[in-house]
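Hi,

Here is the structure I promised to pass on, with some notes on what I found in it. Have a look at the model first, and then read on.

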Amino acid sequence: TVEAKVYYDEMMKFAGKDTLIKYFGYLDKALILTNEKKYDDAVRYFEKSAEYARNLSDPRYMGSVYGELAKLYEQMGQKDSALYYFHVNTTYTQKHNLMYMLIESLKALARLYEQKGDENKSLYYKSCYLAVSDSLFSMDKLNKIKNAQFFYEMDKNYRKIKNQRRFLIVISAGLLIFIILLIIVYIHKKKLHHAYKDLFNRNSEILQSDLQIKDLRIEYENKLAEEKE
């Protein structure tokens, strides 16, 4: 550690505005501080290193920061933070095909989940680790691992959409039946109204006819009575 600090000081004399040297300088300083168990300062220097890594085209630089931060938090006993950065590094290294970094992250995730007592996740990351280890340069298997969650989400969304479609079909069918029943009721009601109206008119006609017949009968009876007289 003492010699590392000497060379760090010498290196930083040449940093100037060189982003790459500043990146390595802050990264090395963070590692030195980690070795000295000055963890809070180490985190600060890792974050500074990450700022310069973002401006470098090679993804390995940022991957290194994520990986070292994850190891630091694990060393500090902050398992949740360690898990977070190992997950970030797993996603990042998968995206950029940094296989050797990916293997380390998967192995660490399997170990941490085993310590937490989560056997299912531990076994999952162990299987991922073995798959990547067995075919380090097999992009086909890497893509399967990388896309596993994507296909799972796609399948889940497809099932969700399918269920929603079924629900909409049932609701639509029920609404259609309800509308048809309303139309049938309306038609029957209209017919019934017309029937009542016709019946009323017929009854009125019959009543009128009965009155006319009654008047005629009275008239004839009066005439018959007059003739008899």
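A definition to start with: helices here are DSSP runs of H or I at least four residues long, numbered from the N terminus. Please also keep in mind that this is a predicted model.

With that in hand, let me begin with Leu112, which sits in helix H6. Is Leu112 buried or exposed? Its relative accessible area is 1%, and buried means under 20%, so Leu112 is buried. Setting aside neighbours within four places in sequence, Leu112 is in contact with Glu74, Lys79, Ala82, Leu83 and Phe86.

In soluble globular proteins, nonpolar side chains tend to be buried together. In this model the largest nonpolar core has 42 residues, and the members that touch the most others are Tyr23, Leu69 and Phe86. At least two residues of this core come from each of H2, H3, H4, helix H5 (79-95), helix H6 (99-116) and helix H7 (119-134). Which helix gives the most? That is H6, with 10 residues.

Not counting residues up to four places away in sequence, Tyr23 touches Ser49, Tyr52, Ala53, Leu56, Tyr61, Ser64 and Val65. Tyr23 also takes part in two helix contacts, the one between H2 and H3 and the one between H2 and H4.

Now for those two pairs. Two packed helices are described by the angle between their axes and the distance between the axes.

- H2 with H3: the axes come within 8 Å and cross at roughly 165°. Angles over 145 degrees count as roughly antiparallel, and H2 and H3 are therefore roughly antiparallel to each other. H2 passes H3 in a left-handed crossing. Among the residues that meet are Tyr26, Leu27 and Ala30 in H2 and Ala42, Tyr45 and Phe46 in H3. By class, this contact has 12 nonpolar, 3 polar and 4 charged residues.
- H2 with H4: the axes of helix H2 (residues 19-35) and H4 come within 11 Å and cross at roughly 15°. Angles under 35 degrees count as roughly parallel, and H2 and H4 are therefore roughly parallel to each other. The crossing of H2 past H4 is left-handed. The residues that meet include Leu20, Phe24 and Leu31 in H2, and Tyr61, Val65 and Leu72 in H4. This contact divides into 8 nonpolar, 3 polar and 1 charged.

Finally, the loops. Asn55 lies in the loop between helix H3 (39-53) and helix H4 (59-76). With a relative accessible area of 60%, Asn55 is exposed. The C-alpha atoms of Asn55 and Tyr23 are separated by 9.6 Å, and the two residues are 32 apart along the chain.

Most residues other than glycine have a negative phi. Two loop residues have a positive value instead:

- Lys37, in the loop between H2 and H3, has a phi near 65°. Lys37 counts as exposed, at 58% relative accessibility.
- Asn97, in the loop between H5 and H6, has a phi of about 55°. Asn97 counts as partly exposed, at 35% relative accessibility.

Happy to talk any of this through.

Best wishes

Conventions. Residues are numbered from 1 along each chain as its sequence is written. This is a predicted model: local features need pLDDT of at least 70, side-chain atom pairs count only at pLDDT 80 or more; totals for chains, interfaces and linings use all residues. Side-chain values use heavy atoms; hydrogens and water are left out. Buried means under 20% relative accessible area, exposed over 50%, partly exposed in between (1.4 Å probe, protein chains only). Axes are lines fitted to C-alpha atoms, for helices over the stretch in contact, and angles run from 0 to 180 degrees between N-to-C directions. Angles under 35 degrees count as roughly parallel, over 145 as roughly antiparallel, 65 to 115 as roughly perpendicular and the rest as oblique. A crossing is left-handed if the near helix is turned anticlockwise from the far one by less than a right angle, and right-handed if clockwise. Contact means heavy atoms within 4.5 Å. Ala, Val, Leu, Ile, Met, Phe, Trp, Tyr, Cys and Pro count as nonpolar, Asp, Glu, Lys and Arg as charged, and the others, Gly among them, as polar. A nonpolar core is a set of buried Ala, Val, Leu, Ile, Met, Phe, Trp, Tyr and Cys residues joined through side-chain atoms within 4.5 Å.
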